[in-house]
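Colleague: I would like to learn how to read a ligand site and a helix packing from a model. Could you take me through both?

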Amino acid sequence: KALANGHLTNGISSASTERIQIINDEKAFTPDLTTQIERWGLRDAGFNYNLVAVFGSQSTGKSTLLNKLFGTTFDVMDETRRQQTTKGKNLSFREACEIVLTEITGIWMCRGKDMNVMVMDVEGTDGRERGEDQDFERKSALFSLASSEILIVNLWEHQVGLYQGANMGLLKTVFEVNLGLFGKAALSGTHSRTLLLFVIRDHIGQTPMANLQTTLTADLTRIWENLAKPTELQDRKLTDYFDLAFTALPHKILSADKFESEVINLRTRFVNKSSEDYLFKPAYHKRIPADGVAFYMEGIWDQVQTNKDLDLPTQQELLAQFRCDEISSVALSEFNEQAKSQKRPVESGRVVEGLGAMMRNWRTDALTRYDRDASRYHKGVYGRKRAELLASLDTTLSPLFLGQLKNLHKTCLVAFKKEILDGLRGDSYNFAEVVYKAQGRCVEVFSETAQEALVQGTEWAWEDELESLKEEVRAVADQCRQDETKKMVNLIEKNFKKLISEPVDLALNKAKPDMWDSVLRTFKEILEKSETTYLAKATSFNCTEEENITSLAALRKRAWLALRAKIDEQTADPAILGKLRAHFEERFRYDEHGVPRVWKPEDDIDSAFKKAKDETLELVPLYSKISPVDSTLEYTLPSEATDTLSSEEFDFPATLIVFTETKTLELTSKFRRDADAYYVEAKRSTVASIAQ
Ligand code: GDP
Ligand code: MG
């Protein structure tokens, strides 16, 4: 019992030859097989491994043979104990044959030395009376048959032909259950054939090998014919499921040398792939990847144990689901680790350089990892789980992509604004050009970076985001243009004021009936020039028709107001009174030749005074209203002309009035007082001249 527990290494401690008990005496499957397969270095072997098992009575040298063939480390019962068990009991031949049944207590597995072969050996206690516990042996035989590529059937020469001898009877049961469980699967081609390799031990040579082979084949055929088969498999032949091979080994003790050399010959057939009678034919392979063997065998054991009528494809599918899920989650967790590294930068608003390349790499890596390990499993399941994995990958990547786009949008817009601001510094810029260039660069940078972030195979798109960016860029550009237009209109207005100043001063200083004609003529000329200046610039700005209408209206109104301000300046009380006084003086104090008058007592001061005063007072109505003689020069500003640049109320006709009536009266009376002063002064001067 002590031997059957734990990892016994027979003094060899290297992991590659470690044994493992895959099924213990409580018929439980080990949870450690996957780990062990990894320790054997076979985890990544894929399909590049073989599985062989042995079947036969207790103490027929099974373990001895396996150890010699594969360099395994299975326990071999020593000679003395063997003598005590079978031979020591001094049984009759018949009894000996019946007792050869092994009460299985466990199944062991070992890796072949320097070969990718997993070898299964059954371990049993000493033979007991038949019938006591056939359950385990039947199950272990069935298990070996269903899971291995080659089943070595080990028997003594003298057991051949003894149908009643336990082995053949056992085979019958095993065939029967095997057919019931896996027969259908085998027909559909999903469960491969198995080789039954009969090894006849202690072949002395009395009966030629050919005869033994004939006997065994006949026995097997008879067994097969008498099987209780499922109806739909009634016509199936033994050869539909099994290949048979036969070999004999000489007596281990009596012909020790020949025994050794024959064992070596047999070993070559397991090892040498190019050998003509190479035993591990691809057709026997169960097509279970090495990393799935543990799970697969456990499933078979479970099926055998519970004798459930399950199909192997289902079993393979279950295995595939389990393994593909496992492989997928490993791939996914590595992937998530990588993707996490860029989550924070993206969330913090950064545009991560080369994000697309990174995402594509993570994704490809994850898929490659998955494909490498999972593609060997059931194709349908593999494909389905791959699609699921892909969906998970893309679900993780999608927020990164969208975040990148959003951040890109923001930074592009900021860069665009900055470029415009920088471009509009100084005086020598071309506004339209600055905007055009910045716009182009913005779209280019966005498109390039967005395209880089794309991952092939997804339905991600960036075009909508670009459209929305373009819209915002357009809005910023519009705002800039409006600001720029305002600046331009202000500049034109300033210039207009400068140009209008002198001509208006001149015109209003000489009060003539057509005074307003020249004021308005000048106004129109300068305004026309200003409008031309505006339109030339506005065209280069790409201003809209509507913007031009608004700006021109504003310009006209401001020009008019500038003119009015100039007129107000020239007609303010001191200015207008000065003008009136000058006009009066010219007429009253100077004669028609411009010579100052010296009043004499006989002069008609009163008439002269009245004439000069009346003529001067006529000027007041002339100044009081902007009204040209030539009516074509009349200027009207549509009062509804909206000026978005200022919000003041504006009543154009009112602006034509320079002086109100009250103002006119006030000015008249002020002027009269001034004039009266001149009259008094003139009178006094005559009195003075008389007094002299
Ligand atoms: P197992 O129970 O079938 O695994 O048998 P073992 O390999 O443990 O061997 C049982 C005994 O049979 C040991 O004492 C071996 O030395 C002996 N033995 C092994 N091979 C042969 C053989 O080919 N012929 C004979 N006569 N004895 C053998
Ligand atoms: Mg053994």
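This is a predicted model: local features need pLDDT of at least 70, side-chain atom pairs count only at pLDDT 80 or more; totals for chains, interfaces and linings use all residues.

Colleague: How many residues surround ligand 1, and which are the closest?

Modeller: The shell is a list of residues with a heavy atom within 4 Å of the ligand. Here 18 residues surround ligand 1, and the closest are Lys62, Ser63, Thr64, Met77 and Asp202.

Colleague: What is the make-up of that shell by class?

Modeller: Sorted by class, the shell around ligand 1 consists of 7 charged, 7 polar and 4 nonpolar residues.

Colleague: Which element gives the most to the shell around ligand 1?

Modeller: That is α2, which contributes 3 residues.

Colleague: What share of the accessible area of ligand 1 does the protein cover?

Modeller: On its own, ligand 1 has 580 Å² of accessible area, and the protein covers 94% of that. Two elements, α2 (62–70) and α3 (79–85), are those that give two or more residues to the shell.

Colleague: Now the helices. What describes two packed helices?

Modeller: A packed pair is described by two quantities, the distance between the axes and the angle between them. Take α14 (residues 379–423) and α16 (residues 463–509): their axes come within 10 Å and cross at roughly 20 degrees.

Colleague: Are α14 and α16 roughly parallel or antiparallel, and which hand does the crossing have?

Modeller: An angle under 35 degrees counts as roughly parallel, so α14 and α16 are roughly parallel to each other. The crossing of α14 past α16 is right-handed.

Colleague: At what angle do the axes of α14 and α15 cross?

Modeller: The axes of α14 and α15 (residues 431–452) cross at roughly 160 degrees and come within 9 Å. The pair is therefore roughly antiparallel. Here too α14 makes a right-handed crossing, this time past α15.

Conventions: Residues are numbered from 1 along each chain as its sequence is written. Chains are lettered from A and ligands numbered from 1 in the order in which they are written. Side-chain values use heavy atoms; hydrogens and water are left out. Accessible areas come from the Shrake-Rupley method with a 1.4 Å probe; for residues, only the protein chains shown count as cover. Helices (H or I, at least four residues) and strands (E, at least two) are DSSP runs, numbered from the N terminus. Ala, Val, Leu, Ile, Met, Phe, Trp, Tyr, Cys and Pro count as nonpolar, Asp, Glu, Lys and Arg as charged, and the others, Gly among them, as polar. Axes are lines fitted to C-alpha atoms, for helices over the stretch in contact, and angles run from 0 to 180 degrees between N-to-C directions. Angles under 35 degrees count as roughly parallel, over 145 as roughly antiparallel, 65 to 115 as roughly perpendicular and the rest as oblique. A crossing is left-handed if the near helix is turned anticlockwise from the far one by less than a right angle, and right-handed if clockwise.
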